[in-house]
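This report goes through a two-chain model, from the terms used to the contact between the chains. Please keep the sequence and the structure at hand while reading.

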Amino acid sequence: MEGLDNEKENSLMRLLLILFIFLWGEAQLVAQPTKVIPLRFKPYFESNSSTLLNTTFHFNSADSIHFETLRFYISGIELQNQSKTVWKEKNSFHLVDAAQENSLTLLLTIPKKLEYNTILFHLGIDSNTNTAGVLGGDLDPTKGMYWTWQSGYINVKLEGKSNLVNTTSHAFEFHLGGYLNPFQTLQTITIPCIQKEELTLSIDLKQFIELANLTGTHQVMSPNEEAVKLSKLFANCFSGK
Amino acid sequence: MKKSITFVILLSTIAIAFKSGEQTSMKVPSGWPKPNYDFAKHPLKRSTIELGRALFYDPILSRNNTISCASCHSPYNAFTHVDHALSHGIEDKIGTRNSPALMNLAWNKLFMWDGAVNNIEVQALAPMHNKVEMDETIEHVVTKLQASKIYPPLFRKAFGDSVITGENTLKAIGQFMLTLVSANAKYDSVMRHQSKFTMQEENGYRLFKMHCVVCHTEPLFTNHSFENNGLSVDTALNDYGRIRISHHYNDSLKFKVPTLRNIEYSYPYMHDGRFKTLSAVLKHYTSGVQKSKTLSPKLEQPIVLSANEQVDLTTFLLTLSDKSFLFNPNFVYPKHILLP
């Protein structure tokens with residue numbers, strides 16, 4: 001019996017030691033000096049244009065386009081140094097909306113002396129979060145980025161008009177999402193970056209539209225092959241330029 | 001050492017104090033499997049359930065404030081839309097499916113006839129946004145609730161904040177639906193050795209276990225799978241079921257296996273409500289099954305039941321009626337909230 005008591009006592013002491021180490025570690029993290037780095041997203045069709053939405057852009061003398069909506073989720077932001085993760089954002093889910101200037105800049109609170117050379121993030125929402133029930137903040141279904149006829153987040157919403165669309169309205173609507181195989185649309189984006197006071201990521205929509213081929217595809221509203229293809233194309237438009 | 005023990009006891013006391021109060025728990029009926037819903041992560045709370053109950057019965061969830069969840073899910077009919085093959089919603093618009101009976105939802109993995117919804121907390125979004133059901137948006141519902149006199153205090157009580165969000169609105173409706181547990185039919189009392197089947201019911205139970213139990217697995221009377229049970233395609237509806245969601249050819253014509261609990265009260269039957277009576281259902285399984293590539297293998301061979309056996313089987317199915325569920329005062333219209 002005495003042996004058993006000693007064993008129990010040892011287990012308890014071990015548990016308390018682990019708890020102490022954990023709390024000490026947390027305290028160190030809290031005490032670490034931090035700084036705030038703005039992460040800006042700059043979606044553009046023509047690099048010299050300051051506005052994206054409701055501006056008419058011309059491909060050539062005959063073809064034009066204008067965008068009415070651009071919204072997308074950025075999640076799981078982390079910084080890496082020499083391919084090793086050195087910082088991860090907690091609860092990292094952000095809705096970026098071209099119509100809401102504030103949402104185009106995310107504020108990352110990172111350790112002051114952190115060394116990194118790469119930023120990694122997801123375009124969209126992961127499977128676990130998609131099946132976790134109802135969530136709040138930027139993930140609240142009132143944000144208009146959650147499908148209702150079936151469960152799941154819309155990772156990217158891009159809407160507008162172009163004469164390249166062969167319909168009466170000339171409207172295109174891309175609601176890209178899907179969290180289940182074979183139509184998993186979540187994209188991981190890795191971009192080399194230099195340590196600066198702010199990070200800027202550009203999104204080249206001209207590249208996306210040219211590769212998306214509006215004449216052939218102008219409406220994607222559910223998880224399918226097209227949604228997967230277009231999600232990859234959209235992810236490829238991000239750069240650190 | 002004594003100090004260490006005191007510290008641990010203190011921590012435990014704090015943890016227990018946080019868990020007490022309004023929190024309530026889901027009692028898993030004896031012999032039932034573990035619920036699929038994670039109650040440890042999302043504990044039930046009395047005030048949230050009560051709020052969800054009010055929302056469930058309030059037509060404020062629809063565009064013109066005429067249709068509530070209960071319009072198609074009446075408690076006295078096992079929370080389905082009795083008498084209507086295809087449920088009708090806003091402005092009497094007719095949908096494409098029979099509203100499913102609501103019970104024992106904590107054990108479901110997927111919701112709706114085709115499994116389009118993956119969590120009970122987001123289920124209410126589907127009828128709310130459907131053009132022929134409620135034709136509303138969650139954004140506008142939140143605005144209407146915030147402007148009402150009764151809801152901000154109820155949300156404050158449930159969530160500690162009178163600012164209403166889509167998240168909390170849907171969570172509350174989900175919590176109420178999770179409480180709709182039916183586990184007190186005659187069948188259950190027989191299983192608990194508190195009563196006995198009649199000879200006819202006993203024979204019906206034997207036949208049930210021979211022909212039906214593979215899909216309508218006890219004790220929930222569903223295995224939660226999607227099956228093609230050999231119904232011919234209604235060419236006006238062209239509803240091919242699960243394939244719309246999964247995009248797998250193997251899922252063509254498959255629909256969720258519904259529970260048989262309270263089946264006496266949940267007529268008409270099947271995803272499109274094509275059968276009004278249990279005898280019509282049995283006639284289908286004994287002589288009406290249409291063969292197709294995705295037909296459930298269990299139905300490849302016709303089920304053979306004599307007229308007497310069909311009566312016995314029906315008699316057994318009636319033992320799945322749970323009056324304490326159908327007439328539970330905690331599940332009915334919350335007059336004290338909506339009509340104070």
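## Terms and basis

A residue is called buried when its relative accessible area is under 20%, exposed when it is over 50%, and partly exposed in between, computed with a 1.4 Å probe on protein chains only. Helices (H or I, at least four residues) and strands (E, at least two) are DSSP runs, numbered from the N terminus.

The model is predicted: local features need pLDDT of at least 70, side-chain atom pairs count only at pLDDT 80 or more, and totals for chains, interfaces and linings use all residues. Residues are numbered from 1 along each chain as its sequence is written, chains are lettered from A and ligands numbered from 1 in the order in which they are written, and side-chain values use heavy atoms, with hydrogens and water left out.

Most residues other than glycine have a negative phi, and most peptide bonds are trans. Ser83(A) has a positive phi, near 70 degrees, and is not a glycine. This serine sits in the loop that links β3 (64-81) and β4 (84-88) of chain A. Ser83(A) counts as exposed because its relative accessibility is 66%. In chain B, His247(B) has a positive phi of about 65 degrees. His247(B) belongs to the loop between α10 (243-246) and β4 of chain B, and with a relative accessible area of 34% it is partly exposed.

Pro182(A) is part of the loop that runs between β9 (171-177) and β10 (187-192) of chain A. In chain B, Tyr267(B) and Pro268(B) are joined by a cis peptide bond with omega about -5 degrees. The loop that holds Pro268(B) lies between β4 (255-256) and α11 (278-288) of chain B.

## Strands of chain A

Strands are taken as paired if DSSP finds at least two bridges between them. An open sheet in chain A has 4 strands in the order β6-β1-β11-β13, with mixed pairing. The edges are β6 (105-111) and β13 (238-239) of chain A; each has a single partner strand, so one side of each lacks a neighbour in the sheet. Strand β1 (residues 34-44) of chain A runs antiparallel to β6(A), and 7 bridges join the two. Within this pairing, Leu39(A) is opposite Leu106(A) of β6(A). Helix α3 (residues 205-212) of chain A packs on the sheet and touches β1 and β11 (199-204) of chain A, where contact means heavy atoms within 4.5 Å. The direction of α3 makes about 30 degrees with that of β11(A); axes are lines fitted to C-alpha atoms, for helices over the stretch in contact, and angles run from 0 to 180 degrees between N-to-C directions.

Strand β9(A) is largely enclosed by the rest of the structure, because 5 of its 7 residues are buried. An antiparallel pairing with 7 bridges connects β9(A) to strand β8 (residues 154-162) of chain A, and in it Lys161(A) stands opposite Ala171(A). A parallel pairing with 2 bridges connects β9(A) to strand β12 (residues 219-220) of chain A. There, Phe174(A) has Val220(A) as its bridge partner.

## Buried parts of chain B

Asn228(B) lies in the loop from β3 (226-227) to α10 of chain B and is buried, at 1% relative accessible area. The side chain of Asn228(B) makes a polar contact of 2.9 Å with the side chain of Thr294(B). A polar contact is a pair of N or O atoms within 3.5 Å; within protein, one must be able to donate a hydrogen and the other to accept it, and residues adjacent in sequence count only if both atoms are side-chain atoms. Beyond its neighbours within four places in sequence, Asn228(B) touches several residues, including Ser252(B), Lys254(B), Ser296(B) and Leu299(B).

In α11(B), the buried residues are Leu278(B), Val281(B), Leu282(B), His284(B), Tyr285(B) and Thr286(B). Part of their cover comes from α12 (307-318) of chain B.

## Contact between the chains

Chain A contributes 25 residues to the contact and chain B 27 residues. Together the chains bury about 2100 Å², with 65% of it on carbon and sulfur atoms; buried area is the accessible area (1.4 Å probe) that two parts lose on being put together, summed over both. Val134(A), Thr142(A) and Thr148(A) supply 28% of the area that chain A buries against chain B, more than any other three residues.

There are 10 residue pairs in polar contact between the chains, both residues at pLDDT 80 or more. Helix α1 (residues 2-31) of chain A gives the most to the side of chain A that touches chain B, with 5 residues. The count of salt bridges (a side-chain nitrogen of Lys or Arg within 4 Å of a carboxyl oxygen of Asp or Glu) between chain A and chain B is 0.
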